[in-house]
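These are my notebook entries on a structure that I had not examined before. I set down each item that I looked up and what I found.

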Amino acid sequence: MMSEILYQANPSVWRMRPMGTIIAWLMLAGGLLIGLTGNLPYLETLYASFPALHGWQLQPRFLARYAGYGIAAIGAFNLLRWWLTCLVDQLEIYPNEIIWTHGLLAKNYTEINMGSVRTVQVHQSLLQRLVGAGDLLIFTTGDEPELAVHGLPRPNEIREHIRQRASTAG
């Protein structure tokens with residue numbers, strides 16, 4: 001039977017892709033605005049520049065509406081895809097082991113005994129530091145990490161949990 005959970009977290013979309021998240025939200029909002037109003041700056045000038053479009057009997061507002069909805073759909077798709085990716089990943093730290101779960105339909109589990117943890121590394125870019133996220137690398141034996149998790153919230157807290165438990169278990 002499992003003992004108490006010391007730490008549990010999923011990667012965060014915002015923390016993994018801060019710039020991508022902002023761009024996707026702007027695409028969603030801007031695309032919906034263009035799609036609902038049918039107003040796209042400089043569209044009339046652009047439409048006049050392509051005489052081949054005139055034979056299709058397409059009006060600039062009609063084109064703007066569908067272009068706006070397309071832009072909004074791309075932004076929404078990216079947000080949904082990133083959210084599902086983060087939702088299916090989970091890190092749990094127990095007093096004696098670390099469990100990383102990954103996958104929606106097919107699940108992958110990585111279990112690491114605290115006594116076998118040799119090194120814990122946290123990598124944070126400037127942007128990750130600003131949003132309170134980081135990448136966690138756990139080494140047991142060898143030169144390759146046993147576990148690499150990206151975009152976790154409060155990575156230094158995770159490192160401290162593992163260091164404290166690994167030193168008492170080892």
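Entry 1. Is Y69 buried, partly exposed or exposed? I looked up its relative accessibility, which is 33%. Buried would need under 20% and exposed over 50%, so Y69 counts as partly exposed. I note here that the model is predicted.

Entry 2. I then searched the whole structure for aromatic pairs and found one. Y66 and Y69 form this pair, with 6.4 Å from centre to centre and 75 degrees between the planes. The arrangement is edge-to-face. Y66 and Y69 both belong to helix α4 (residues 60–87), where they are three residues apart, about one turn of the helix. An α-helix has 3.6 residues a turn, so residues three or four places apart point the same way. For Y66 I read a relative accessible area of 54%, and I recorded Y66 as exposed.

Entry 3. I turned to the overall plan. The protein contains six helices and seven strands. Read from the N terminus, the order of elements is β-α-α-α-α-β-β-β-β-α-β-β-α. Of the 170 residues, 36% are buried. The accessible surface comes to about 10,500 Å², and carbon and sulfur atoms account for 60% of that surface. I also checked contacts between residues at least 6 apart in sequence: 55% of these join residues at least 24 apart.

Entry 4. Which residues have the most contacts inside the largest nonpolar core? I found I98 and I162, in a core of 18 residues. At least two residues of this core come from each of β1 (7–9), β2 (90–93), β3 (97–102), β6, β7 and α6 (155–169). Another core, of seven residues, lies apart from it and includes V13, L28, A72 and L79. I listed the contacts of I98 beyond four places in sequence; among them are L91, I112, V117, I138, L147 and I162.

Entry 5. I examined helix α2 (residues 18–37). At 1.5 Å a residue, its 20 residues should span 28 Å; I found its end C-alpha atoms 29 Å apart, which agrees. The buried residues of α2 are P18, T21, A24, L28, G31, I34 and G35. Just after α2, G38 has a positive phi of about 70 degrees.

Entry 6. Is strand β7 largely enclosed or largely open? Five of the seven residues of β7 (residues 147–153) are buried, so the strand is largely enclosed by the rest of the structure. Strand β6 (residues 133–139) pairs with β7 in the antiparallel sense, over five bridges.

Entry 7. Within β7 I looked at G151. G151 is buried, with a relative accessible area of 1%. Leaving aside neighbours within four places in sequence, I found G151 in contact with P11, S12, R15, M16, A133, G134 and D135. The C-alpha atoms of G151 and V131 are 9.9 Å apart, although 20 residues separate the two along the chain.

Entry 8. My last item was R154, in the loop between β7 and α6. Most residues other than glycine have a negative phi. R154 is not a glycine, yet its phi is positive, at about 50 degrees. I recorded R154 as partly exposed, with a relative accessible area of 42%.

How values were computed. Residues are numbered from 1 along each chain as its sequence is written. This is a predicted model: local features need pLDDT of at least 70, side-chain atom pairs count only at pLDDT 80 or more; totals for chains, interfaces and linings use all residues. Side-chain values use heavy atoms; hydrogens and water are left out. Buried means under 20% relative accessible area, exposed over 50%, partly exposed in between (1.4 Å probe, protein chains only). Helices (H or I, at least four residues) and strands (E, at least two) are DSSP runs, numbered from the N terminus. Two strands pair if DSSP finds at least two bridges between them. Contact means heavy atoms within 4.5 Å. Accessible areas come from the Shrake-Rupley method with a 1.4 Å probe; for residues, only the protein chains shown count as cover. A nonpolar core is a set of buried Ala, Val, Leu, Ile, Met, Phe, Trp, Tyr and Cys residues joined through side-chain atoms within 4.5 Å. Rings of Phe, Tyr and Trp (its six-membered ring) pair if their centres lie within 6.5 Å; planes under 30 degrees apart count as stacked, over 60 as edge-to-face and the rest as tilted. The expected span of a helix is 1.5 Å times one less than its number of residues.
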